[in-house]
Amino acid sequence: MSDTSAIVSGIFDEHLEVARASRETLVSDVAELAAMLIAAFEGGGRLLVFGNGGSAADAQHLAGELTGHYLRDRRPLPALALTTDTSVLTSTANDYRYDDVFARQVEAHARAGDVVVGISTSGNAENVIRGVLVARATGATTWALTGGTGGRLAGAAERVLCVPSDQTARIQELHITVIHAVSELIDRWADGLS
């Protein structure tokens, strides 16, 4: 086996190891997140989700699956990624500071009955932590999607989905799996299949 093949095989092996460990620890929490989102949607609430970099992409992915559709043509659901409005992000970062970009948006939009999900692979992104803390103050239900030990975000959110890995790439891979599992459960409910 060539060196490059061995590297690729090792990446797949690491992924499978983290996926197996995540299955052992996260299944019921993923189902609970989906159930809380369904309850929020039934009660007129919505999802607000945010993160930085790859976690911003994951936030947009989740909002897109819910507002658009995952596997079924069904009604759109109220899900908003706070990472998509560049004017708000840059004006807040300029007028206040980058650490406040999500907190300001959460304060403007989150209400009791909403679900707010902060995504950070390390659990230490200050702007994500502040956004989650503000969400708690509004009465929204807060979740952290993170990895490793959960960092400071694990203490800020009411509920935590923590991928058991310290490697950013493996955490991000499993965050996508979590997003797809949540999307599947919600898609089935919204289509009347559950």
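The model is a predicted one. Its largest nonpolar core comprises 33 residues, and those with the most contacts inside this core are Leu 47, Val 49, Val 117, Val 182 and Ile 186. At least two residues of the core come from each of α1 (3-42), β1 (47-51), α2, β2 (79-81), β3 (115-119), β4 (141-147), β5 (159-163) and α7 (168-190). Helix α1 gives the most, with nine residues.

Residues up to four places away in sequence not being counted, Leu 47 touches Leu 37, Phe 41, Leu 62, Leu 66, Pro 78, Ala 79, Leu 80, Val 115 and Val 117.

Helix α5 spans residues 126-138, 13 residues in number. From its first C-alpha to its last, α5 reaches 19 Å, close to the 18 Å expected at 1.5 Å a residue. Which residues of α5 are buried? They are Asn 127, Val 128, Ile 129, Gly 131, Val 132 and Ala 135. An α-helix has 3.6 residues a turn, so residues three or four places apart point the same way. The cover over the buried residues of α5 includes β1, α4 (101-109), β3, β4 and α6 (153-156). After α5 comes Gly 139, with a positive phi near 95°.

Attention now turns to the end of helix α2. Thr 67 lies in this helix, which covers residues 54-67. Is Thr 67 buried or partly exposed? Thr 67 counts as partly exposed because its relative accessibility is 36%, and burial would require a value under 20%. Beyond its neighbours within four places in sequence, Thr 67 is in contact with Pro 76, Leu 77 and Ala 79. A polar atom of the Thr 67 side chain lies 3.1 Å from the backbone oxygen of Ala 79. By comparison, Glu 32 is 35 residues from Thr 67 along the chain, and their C-alpha atoms are separated by 20 Å.

Gly 68 belongs to the loop between α2 and β2. With a relative accessible area of 32%, Gly 68 is partly exposed. Its contacts, neighbours within four places in sequence left aside, are Ala 63 and Arg 74. Gly 68 and Pro 78, ten residues apart in sequence, are 9.8 Å apart from C-alpha to C-alpha.

Definitions and conventions:
Residues are numbered from 1 along each chain as its sequence is written. This is a predicted model: local features need pLDDT of at least 70, side-chain atom pairs count only at pLDDT 80 or more; totals for chains, interfaces and linings use all residues. Side-chain values use heavy atoms; hydrogens and water are left out. Helices (H or I, at least four residues) and strands (E, at least two) are DSSP runs, numbered from the N terminus. Buried means under 20% relative accessible area, exposed over 50%, partly exposed in between (1.4 Å probe, protein chains only). Contact means heavy atoms within 4.5 Å. A polar contact is a pair of N or O atoms within 3.5 Å; within protein, one must be able to donate a hydrogen and the other to accept it, and residues adjacent in sequence count only if both atoms are side-chain atoms. A nonpolar core is a set of buried Ala, Val, Leu, Ile, Met, Phe, Trp, Tyr and Cys residues joined through side-chain atoms within 4.5 Å. The expected span of a helix is 1.5 Å times one less than its number of residues.
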